[in-house]
Each structure stands twice: as structure tokens, then as C-alpha cells.
Amino acid sequence: MALKEQILEDLKTAMKAKDKDRLQVLRSLKAKLQEKEIAERKDGEATLTEEQAIAVLMKAAKQRKESITQFEEGNREDLAEKEKAELEIIEEYLPKMLTEDEVREVVSKKIADLGAEGPQDMGKVMGPIMGMLKGKADGGMVSKVVKEELSN
């Protein structure tokens, strides 16, 4: 089942179960997916690809992570907990992300393939790596790993 259809089905289930927190998050995701569809619309109709839908969910997850950081810095644990709960629900729909070790393995191999030698080759490595790992790993973590690997 496509990601959007899965979210719509779970939205109905949450309504029937009167699960207010889950319902709020799923409605938000549905709205974000519809906004993306409208933005992509040409000649009256558009359907999102699975990659586009995942990108929308990843953006929502990233926003939650940033909010959690800000709330924790502002000593607002109550709001941080709410964001963490929403993030957990969003992550249920995202594909399993690669661990740092798995990313490091891919990065090391790509650095060897490209013959990159130092931090000056960061751009040369990041482009192909992000193309390979888009939707599979957090960009910030990938950047950190590439920097570490090129510094060694």
C-alpha cells in the first residue's frame, strides 16, 4: 500500500478509536501531502511519487526534531515531550534509517571509488553520497561522517 493511502487508512482508524494525538499528527501529514500534490500539479491533476511522499514526511520529522531541541534549550519539557510523541508517529511511516556505522561503510567505499583525499573534496563526495542515501539517512549525520572520514 502506498504511503499516502496508508496514512489515510490509519487516519480513519484513529478517528474510530478516538485517538486524539495520533489523529492530530495524521491530519497534519495528510495536509502536508495534499499541499505537495497541489504544488506539483500540472494540467489539473498530480499524484505524488513514493519518494516525494517520503520527502514530505522527512521534512515533518526534521521540523519536530528542531522543535524538540529548541524546547529543551528553553526548559519546556512538556512541549518537548509532545513533539517527541509526534515524531514517533511520523517515524512509523518512514523507511528504516541507516545507522551511523552503515553510513560510514557507504561513505568509506564512495571516498575510495572517487579517490577523495581530504576535506577539500567534501563537495565532490557529498553530491553522490546524498543521491545514494536520500531518504535512507539523515543529511546532518551523513555530512558529519564524510567530514570525519575525509579528515582521517
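This short report looks at salt bridges in the structure shown above.

The model is predicted, so local features need pLDDT of at least 70 and side-chain atom pairs count only at pLDDT 80 or more, while totals for chains, interfaces and linings use all residues. Residues are numbered from 1 along each chain as its sequence is written, and side-chain values use heavy atoms, with hydrogens and water left out.

Let's begin with the count: the structure holds 15 salt bridges. A salt bridge here is a side-chain nitrogen of Lys or Arg within 4 Å of a carboxyl oxygen of Asp or Glu.

| Pair | N to O distance |
|---|---|
| Lys12 and Glu9 | 3.7 Å |
| Lys82 and Glu86 | 2.9 Å |
| Glu149 and Arg104 | 2.9 Å |

Lys12 and Glu9 sit three residues apart in helix 1 (residues 3–17), about one turn of the helix. Helices are DSSP runs of H or I with at least four residues, numbered from the N terminus. Lys12 has a relative accessible area of 45% and is partly exposed; buried means under 20%, exposed over 50%, and partly exposed in between (1.4 Å probe, protein chains only). Glu9 is partly exposed too, at 38%.

Helix 4 (residues 77–91) holds Lys82 and Glu86, four residues apart. Lys82 is partly exposed at 40%, whereas Glu86 is buried at 9%.

Key. Helices (H or I, at least four residues) and strands (E, at least two) are DSSP runs, numbered from the N terminus.
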